[in-house]
Amino acid sequence: MPVTNFDFKEKYRYQNGFASYLESEAVSGALPIGHNSPQKPPLGLYAEKLSGTAFTAPRHENKQSWLYRILPSCSHPPFGEATPAKNGQEPVLEQSPSKLHYIPNQLRWDPFDHESDTDFVSGLRLVAGAGDPTLKQGLGMYVYAAGNSMDAQSAFCSADGDLLIVAQDGVLDIRTEFGWLLVRPMEIAVIPRGVRYQVLLPSGPVRGYALELYQGHFQLPELGPIGSNGLANARDFQAPVACFSEDHGSIALDGQNSYTITAKFNNTLFETKQPHTPFDVVAWHGNYYPYKYDLGRFNTIGSISFDHPDPSIFTVLTGPSDHVGTAIADFVIFPPRWLVGEDTFRPPWYHRNTMSEFMGLITGAYDAKKGGKGGFVPGGASLHNVMSGHGPDATSYEGARNAELKPIKVGEGSCAFMFESCFMVGVTDWGLKTCQKVQEDYNEHSWGGVKVHWKGMAALEGEKGEKHLL
Ligand SMILES: O=C(O)Cc1cc(O)ccc1O
Ligand SMILES: [Fe+2]
């Protein structure tokens with residue numbers, strides 16, 4: 001049996017702060033003092049650097065960590081093609097632009113099915129995406145559904161990007177090289193490019209959403225005139241503490257290797273087997289590490305006078321492009337909040353956006369869309385691609401148009417979210433057809449009933465006794 005130190009280490013202790021320079025040692029004395037790579041690192045460990053940016057990236061962007069581990073991560077035979085999952089379920093990752101469907105229609109999905117035969121990796125399904133991980137450009141939008149923990153002797157990693165996981169149903173207990181993250185519904189986690197991890201399901205099946213950012217890293221949005229606090233506060237992000245296992249087998253790469261490492265590389269899965277656990281990091285320091293965040297801690301800001309603000313005020317994390325203010329991907333939430341706007345149509349306005357908007361619902365209902373069968377429901381999704389017109393469904397519009405404008409709290413017990421991207425996204429075959437969740441009557445259901453409120457010129461003339469035509 002692998003010897004672990006879980007029993008005497010508090011498994012769910014975290015270190016707080018966003019993009020902080022952190023350090024953690026599971027055995028005291030494991031971190032070299034004043035050195036990164038001494039001739040003989042303490043306790044017989046290997047020093048290994050994990051870079052999240054080019055070595056020469058400017059200081060304010062530079063991301064890297066030093067890992068002090070029992071064996072270096074290169075100690076494995078070459079990767080080969082991944083063996084098909086035992087249950088025949090395979091992840092859906094295909095993202096070549098020629099295989100994506102670019103369509104101007106508004107799309108909405110019924111809740112994606114729970115799956116019992118999959119684990120987190122085989123249960124990953126690419127729904128939509130843009131760009132190309134080989135060029136470190138673009139993003140992928142996923143849903144996942146898993147009924148099983150990943151094998152205790154396995155790890156997954158992606159060379160394609162940073163994965164932001166939105167837990168919708170069920171708990172993810174994520175073991176990473178840096179330590180453990182427990183991620184419950186209404187929490188998110190970010191696993192940076194390259195970090196090895198294993199997803200366990202302590203309380204049964206899980207379902208959720210994920211966004212892989214092929215380019216750059218997530219950061220907190222600028223706060224501008226909001227000031228120095230608000231939205232997602234840096235101190236509420238939590239990073240793991242070091243936690244390791246001692247099972248290092250024999251160093252020989254002899255074919256008797258028991259630990260499977262699955263690597264996602266250009267949206268293709270590769271696999272190798274090594275005799276030693278990948279979770280052998282005894283200590284680490286740096287600013288490139290996985291983290292989690294409880295969306296309940298979001299400090300929501302809104303209008304206290306009139307008009308519905310842009311949803312950018314709800315940005316939790318942003319993956320910036322090279323063009324200031326234009327995101328490869330924003331992660332935005334719609335948490336419970338007070339609406340007090342005077343003489344204001346309070347739900348989102350009708351609009352067409354140069355950005356694409358993929359939305360999901362973690363729990364509850366969204367104030368611009370009906371729930372219920374055929375509506376926007378938890379575990380489902382919608383996509384309003386570049387310039388696809390959308391807005392409240394007819395019922396929500398009429399309700400808000402006629403509502404008494406007293407202060408009300410919307411979204412009590414609910415949380416929708418949006419992955420907003422500057423790219424036109426293509427939908428996969430799985431997303432459009434195989435999943436069989438696309439709501440054929442989305443347009444009719446939502447906007448088929450929008451009424452004409454325009455009184456007509458004749459009535460206006462009658463009312464005012466003059467022509468309004470210029
Ligand atoms: O389309 C949506 O429902 C998301 C959204 C919400 C909002 O408050 C303003 C703009 C917007 O795109
Ligand atoms: Fe929108």
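Tyr366 sits in the loop that links strand 24 (356–363) and strand 25 (381–384), where strands (E, at least two residues) and helices (H or I, at least four) are DSSP runs numbered from the N terminus. The model is a predicted one, in which local features need pLDDT of at least 70 and side-chain atom pairs count only at pLDDT 80 or more, while totals for chains, interfaces and linings use all residues. Residues are numbered from 1 along each chain as its sequence is written, with chains lettered from A and ligands numbered from 1 in the order in which they are written.

Tyr366 is buried, as 26 other C-beta atoms lie within 10 Å; the cut-offs are 20 or more such atoms for buried, 12 or fewer for exposed, and in between for partly exposed, with C-beta atoms placed from the backbone. Beyond residues up to four places away in sequence, Tyr366 touches Phe334, Leu361, Phe376 and Ala416, contact being a C-beta to C-beta distance within 7 Å.

An unreviewed UniProt entry lists Tyr366 and His390 under "binding site"; such annotations may be inferred rather than shown by experiment, and the positions follow the numbering used here. The two span 25 residues in sequence, yet no two of their C-alpha atoms are more than 14.1 Å apart, so they gather at one spot. His390 belongs to the loop between strand 25 and helix 1 (394–402). His390 is buried too, with 24 C-beta neighbours inside 10 Å, and its contacts outside four places in sequence are Gln106 and His384.

Turning to the strands, an open sheet of 4 strands has the order 2-19-4-3 with antiparallel pairing, pairing being at least two DSSP bridges between two strands. Strand 2 (22–25) and strand 3 (46–51) form the edges, each pairing on one side only. Within the sheet, strand 4 (residues 64–69) and strand 19 (residues 281–286) are joined antiparallel over 5 bridges, with Tyr68 opposite Ala283.

Strand 16 (residues 237–240) is covered on both faces: Phe237 and Ala239 are buried on one side, Gln238 and Pro240 on the other. Strand 16 runs antiparallel to strand 1 (residues 14–16) over 3 bridges, and Tyr14 has Pro240 as its bridge partner. Strand 20 (residues 291–294) also pairs with strand 16 in the antiparallel sense, over 2 bridges, placing Phe237 opposite Tyr293.

Terms used. Contact = placed C-beta atoms within 7 Å.
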